Every structure is written in C-alpha cells, then in structure tokens.
Amino acid sequence: MEDQSFIKNADVPVIPLPNPGEGGPLPDFNFPNIPDVSPEPDMDAFPVIPLPNPGEGGPLPTFPNNNNNSSNNNNNNSGNSGNNNLGGILGTIITTFPRPIIPCFFCNTTQYGTVRFLNAAAGYNPFLVYINNQLVVNSLDNAEVSQYGRVSAGSQTVTVTGQNGYVYIQKQITVRSGGALTVAIINRPGGLDLQEITDNSCNSNNNTGCFRVCNLSVTNQNINASLNGGLVTFRSVSYREVTGFRFLSPGSYLIQVSNNPSVGGMPLVSSSVYIRPNTAYTLYVFNWNTSQDAIRTLVVEDRS
C-alpha cells in the first residue's frame, strides 16, 4: 500500500485568508530545535492555530516519487454541495499498490511502522510535513495523500507548516511496530488538528472487498453513507469517526453521502467505486470549504 499519484480539484474556489501580518516565517525550514510535545489528553484543549497570511505559499511540485506504480480514476459526482449549489464536485479514487521500496522518514531503531499523510483541511495552501526534524512531504494539497514511509515505533513529533515555514500545528503521534497509519490534517473549530487512522488489511476469506467510512467534515458532523441505494448503509457516522470494515462482493457501487437525518432524502454528494476482491477501501468525507454542506469525497483503495 504505497505509491500513488494525486488528483487535484482545480475548480474548488480559493478561500480568502484572514489577518495580514499574522504569524510569520521561521528562520529555518529544517526545524533543528523542535521541542518535544506531549500528547494532548483532551482534544478540545488543543490550542487553536490561525489561518495563514494572505498570499502565502502556492502550489508546488508534489512529493517526489508519488507517480510511480499508481493509477487514478476520476468519478464525477452526480449530487451537489447543498447550500453552495455547485454540482460536479469530484469524487476521487486514489489507488495504492504493494510497496517495493519503502523510504525511511525517521528510523532510529529496528522496530518501525509505516505512516502516510492525508490533507483533509479546507482553506489552506499546500502544507509541508515534518516528522521530528525530517521533511517528509514538501507540498500536500487538499484531497492529496502521500506515500507510506517507515517511521520508528513509538511516539513521534509531527509538524505541519506553510510554504514560508509558518507552523500551524505540532503534535505527537503514536506509531505501532508493524502497523500502518494514515495521519489526516483536518479542520477543527478555529484551526487545525491531526487525526490518526489505523490502516488494517482486508482479511477477506470469501473473495470479497472491504469498505469503511471516515467522517472528517467539521461542518457535517453526523452523516449517512449508502451504497447502491441502501444495499449497505453506514448510519450516523460522527465527526472524526472511522467505522469498521464491511465485506462487499466485487462490482460497481454508487456511493451517496447525506446528512443524518437528511433533508428531503437528498444526498449531499455522490460518487462511484469498483470494489475489487481482497482490497481495502476507505471513503473519506471532508470539506472543500468551510460552508455548511460543502463536502467532498475521497476513496483510497489499498491493494494488498
């Protein structure tokens, strides 16, 4: 589950950024003296991080080597974005394959897991991501996923910055030896946070695929996701919740995401996916801007 290319939605409107002069660049992008940060036991106690300075950063080339051995399929949504009345928001599928060579983002022991990063935050320019003092992603835009990299097991410090070095968030994650982890950069009321998502293999014994839902939308904190008109439904998926996997027969499925309860039974957004046997799928739901119902979907297909 490793390499993949990224698909960007060029049609997503740019969100104005607040407070000129707020924050500012740090003297060194390599952060040689990043302090240790203890994990926050209370997510609501995490400090609010401001939005970037106007005009900061801009699109840069994406993380190197992310275009090898991967394929992508666009699936145009047939739904709309609710209050914003914009149809055709892309539902994207990113396919990852078994990793022939795994880079080592931060390895100082023989015990390590694998970590990748997902940008599910609306309203920000592309991020740089560091693990301890090492740059691991040099430009991660909304709805992009990095490749996996090896990281030493235990507690590690992740720092997310803008292109000018402005630090948005610094927080510790826990890496399990032999485990795989997706770290999502998400919106929270007033700022950003990190969400750790454990990536399990699809252990199907019946030639089926595995499908789950992860709700990272700060504006739509209680959603339903249904496949093929309710053949399979994930009900009342709350903000930051990751459901368990369900086994699905191979074939094409229409995915519809709606509020719970929905207004008039209308989906907020629709997309499609082809389920392959013995393959794990995660449907991520998150914002493309911070207006109510302005959500998009991303399906990550992890082939074993």
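Is Cys-104 buried, partly exposed or exposed, and what is its relative accessibility? Cys-104 counts as partly exposed, at 32% relative accessibility. The legends below describe close-up views of a predicted model.

**View 1. A disulfide joins Cys-104 to Cys-107.** The two sulfur atoms lie 2.1 Å apart. Cys-107 has a relative accessible area of 31%. This value falls between the limits of 20% for buried and 50% for exposed, so Cys-107 is partly exposed. The value for Cys-104 is 32%, and Cys-104 is likewise partly exposed.

**View 2. A disulfide joins Cys-202 to Cys-210.** Here the distance from S to S is 2.0 Å. The link of Cys-202 and Cys-210 is right-handed, with 75° about the S-S bond. Both Cys-202 and Cys-210 are buried. The count of disulfides comes to 2. With bonded cysteines counted along the chain, the disulfides follow the pattern 1-2, 3-4. Another cysteine, Cys-214, has a relative accessible area of 0% and is buried.

**View 3. Strand β7 pairs with β3 and with β4.** Strand β3 covers residues 104–106, and β7 covers residues 149–152. These two strands run parallel and are joined by 2 bridges. Phe-106 has Val-151 in β7 as its bridge partner. Strand β4, residues 112–120, runs antiparallel to β7 and is joined to β7 by 4 bridges. In this pairing, Tyr-112 stands opposite Ser-152 of β7. Strands of a sheet pair through backbone hydrogen bonds, in either the parallel or the antiparallel sense.

**View 4. An open sheet is built from β6, β5, β8 and β9.** The 4 strands follow the order β6-β5-β8-β9, and their pairing is antiparallel. The edges of the sheet are β6 (134–140) and β9 (167–175). Each edge strand has a single partner strand, so one side of each is left without a neighbour in the sheet. From one strand to the next, the twist averages 20°. Strand β5, residues 127–131, pairs with β6 over 4 bridges in the antiparallel sense. Within this pair of strands, Val-129 stands opposite Val-137 of β6.

**View 5. An open sheet is built from β14, β13, β16 and β17.** The order of the 4 strands is β14-β13-β16-β17, with antiparallel pairing. Why is one side of β14 and of β17 left without a neighbour in the sheet? Strands β14 (232–238) and β17 (269–275) stand at the edges, and each has a single partner strand. The average twist from one strand to the next is 20°. Strand β16 covers residues 251–259 and pairs with β17 over 7 bridges, in the antiparallel sense. Tyr-253 stands opposite Val-273 in β17. In a regular strand, side chains alternate between the two faces of the sheet.

**View 6. Tyr-239 lies in the loop between β14 and β15.** Strand β15 covers residues 246–248. The relative accessibility of Tyr-239 is 16%. Buried means under 20%, so Tyr-239 counts as buried. Leaving aside residues up to four places away in sequence, Tyr-239 touches Ile-186, Asn-187 and Arg-188, and also Asn-215, Leu-216, Ser-217, Val-218 and Gln-221. Phe-286 is 47 residues from Tyr-239 along the chain, and their C-alpha atoms are separated by 9.5 Å.

Note on methods. Residues numbered from 1 in each chain as written. Predicted model: local features only at pLDDT ≥ 70, side-chain atom pairs only at ≥ 80, totals over all residues. Heavy atoms only, no water. Pairing = 2+ DSSP bridges. Axes fitted to C-alpha atoms, helices over the stretch in contact; angles between N-to-C directions. Disulfide = S-S within 2.5 Å. Buried < 20%, exposed > 50% of the residue type's maximum accessible area, 1.4 Å probe, protein only. Contact = heavy atoms within 4.5 Å.
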